[in-house]
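The report that follows treats a metal site and its surroundings. Please keep the sequence and the structure at hand while reading.

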Amino acid sequence: MVAVRGRDMEDTLFRPAVATEMSVGRIERLELSVPLPKTEAIVFGGPGWTLPEDLTIAVAGRAEAIARGERLYPEEAEREQRQAVERLKDRWKNDLEDSSYGVRSIGALLPSFDQWLYREHGVPSYMLTQVMTGHGCFGHYLHEIKREPTTICHECGYEDDTAQHTLESCRRWAVEHQNMVVAAEITSGDLSLHNVMSAMLRSKRTWKEVEAFCETVIFQKEAAERLREDSADAPPLRRRRRGRRRRQYALANS
Ligand SMILES: [Zn+2]
């Protein structure tokens, strides 16, 4: 999810577009595809997103008033802006409730939607985002995008390596789970996504602790994934299509 605050409407529309562009670029550099309609951040900040009609009217109304030379009282402007943001937020929340994509992350987010939106700390890092959205280095996702022949977890042998499996129950990360529960003060040791997100919202420190878990685990999963891709007996769909091996080949034959 990309949520931004900007100086004005233009700035506010510009920022998510840039943030989305950067995220998409980074995902594509890993040779993963980005299913645009499935990504809330893109729907919100990208070409598929249009301003809700009533918000446009509020903004246009003000612009017309200013053009007529009418003075806009600061408190009036502030009230209008606040109402517009509330309308936009409600619209967004309703859209999320109706969404058939990203059910896990949206389900975890909705109970603390306002807290999440108005939090004063924490920008989701790339690896944290992978764990939250499930779009990343997980057998389940890699199989879905046809980069892995099965959904199996290479770390523990479990049949379905989802982001939640990694966050909550993969035996390979038992020590890391325990460390995170203590350091991020995760209540009842419950590693459901909603509970983990609640812990993250509690303070900057607990946010950082959850982030540290994601960085440690995803870093190792990605490194292992690269090794599998580079191994000589990797089936064609597992092999990286660009990058190191091609460069090595070019060097060897130059
Ligand atoms: Zn596992």
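## Terms and basis

Four donors count as tetrahedral if all angles lie between 85 and 135 degrees, four count as square planar and six as octahedral if opposite donors are over 155 degrees apart and all others between 65 and 115, and anything else is irregular. Donors are N, O and S atoms within 2.8 Å of the metal (3.2 Å for Na, K and Ca), and sites may look incomplete because water is not among the atoms.

This is a predicted model, in which local features need pLDDT of at least 70 and side-chain atom pairs count only at pLDDT 80 or more, while totals for chains, interfaces and linings use all residues. Residues are numbered from 1 along each chain as its sequence is written, and side-chain values use heavy atoms, with hydrogens and water left out.

## The zinc site

The zinc ion is held at 2.1 to 2.3 Å by the SG atoms of C153, C156 and C170 and by NE2 of H165. The angles among these 4 donor atoms run from 103 to 113°, and the site is tetrahedral. Along the sequence, the donor residues follow the spacing C-x2-C-x8-H-x4-C.

## Burial and surroundings

Q164 lies in helix α9, residues 163–169 (a DSSP run of H or I, at least four residues, numbered from the N terminus), and is buried at 16% relative accessible area. Apart from neighbours within four places in sequence, Q164 is in contact with R104, S169, L191, S192 and L193 (heavy atoms within 4.5 Å).

Key
Helices (H or I, at least four residues) and strands (E, at least two) are DSSP runs, numbered from the N terminus. Buried means under 20% relative accessible area, exposed over 50%, partly exposed in between (1.4 Å probe, protein chains only).
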